[in-house]
Amino acid sequence: MKRSKVMLRLTVLLMPLWLLSGCFIYVEDNDPHIPYVPATLVIHNDIDSWGDIWYAYAAPSTASSWGNELLGADVLYPGDDLVLDIYECDQNYDISVEYDDGTVIEDWGVWVPCGVTTYVTYLH
């Protein structure tokens with residue numbers, strides 16, 4: 001019994017030193033297939049457009065939903081750009097924009113290559 005109490009005390013005393021020593025394995029949860037140079041996707045509301053874009057979505061074509069709305073409280077006025085860094089590149093994206101009058105325009109299968117800027121222009 002006396003020996004187990006000594007071991008317990010040693011363990012309690014040495015545990016903080018062990019944790020601070022860095023003697024444990026760190027595993028980084030990065031996919032090695034994601035490139036270091038992302039793609040850039042630019043959603044452009046054409047200067048000649050008759051309306052403002054209130055909502056914008058972009059998702060990989062393989063996704064089952066649009067995901068989060070990209071503009072938040074912002075609005076794309078005619079001539080404005082929404083610039084997105086895309087880390088899941090070298091694949092097709094579906095893009096949807098909704099104008100202030102409720103008109104929705106969707107582009108399906110827009111190729112977004114890594115390390116390149118892809119422009120998608122909308123005119124309403």
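The model is predicted, so local features require pLDDT of at least 70 and side-chain atom pairs count only at pLDDT 80 or more, whereas totals for chains, interfaces and linings use all residues. Residues are numbered from 1 along each chain as its sequence is written, and side-chain values use heavy atoms, with hydrogens and water left out.

**Whole chain**

Begin with a cartoon of the protein, which contains 1 helix and 6 strands. Both kinds of element are DSSP runs numbered from the N terminus: helices are H or I with at least four residues, strands E with at least two. Read from the N terminus, the order is α-β-β-β-β-β-β.

Next, colour by accessibility. Of the 124 residues, 27% count as buried; buried means under 20% relative accessible area, exposed over 50%, and partly exposed in between, with a 1.4 Å probe and protein chains only. The protein exposes about 8,900 Å², of which carbon and sulfur atoms supply 59%. These areas come from the Shrake-Rupley method with a 1.4 Å probe, and for residues only the protein chains shown count as cover. Among contacts (heavy atoms within 4.5 Å) between residues at least 6 apart in sequence, 64% join residues at least 24 apart.

**The sheet of strands 2, 4 and 5**

Select strand 2 (53–60), strand 4 (91–99) and strand 5 (104–112). They form an open sheet of 3 strands in the order 2-4-5, with antiparallel pairing; two strands pair if DSSP finds at least two bridges between them. Strand 2 and strand 5 stand at the edges with a single partner strand each, so one side of each has no neighbour in the sheet. From one strand to the next the twist averages 20°, where axes are lines fitted to C-alpha atoms, for helices over the stretch in contact, and angles run from 0 to 180 degrees between N-to-C directions. Strand 2 and strand 4 are joined by 7 bridges, and Y55 can be found opposite E98 in strand 4.

**Strands 1 and 3**

Now select residues 39–45, strand 1, which pairs with strand 3 in the antiparallel sense over 6 bridges. V42 stands opposite V83 in strand 3. Show the side chains of strand 3: L82, L84 and I86 make up its covered face, while D81, V83 and D85 make up the uncovered one. In a regular strand the side chains alternate between the two faces of the sheet.

**The core**

Which residues touch the most other members of the largest nonpolar core? Among its 20 residues, they are L41, I43, I86, I95 and Y122. Such a core is a set of buried Ala, Val, Leu, Ile, Met, Phe, Trp, Tyr and Cys residues joined through side-chain atoms within 4.5 Å. Strands 1 to 6 each supply at least two residues of this core, and strand 4 gives the most, with 4 residues. Centre on L41: leaving aside neighbours within four places in sequence, its contacts include A58, I95, V112 and V120.

Select D90 in the loop between strand 3 and strand 4. Its phi is near 60°, a positive value in a residue other than glycine. D90 is partly exposed, with a relative accessible area of 43%.

Finally, select L123 in the segment after strand 6. Is L123 buried or exposed? L123 is exposed, with a relative accessible area of 52%. Leaving out residues up to four places away in sequence, L123 touches D46, D48, S49, Y99 and I105. L123 and W50 are 73 residues apart in sequence and 7.6 Å apart in space, C-alpha to C-alpha.
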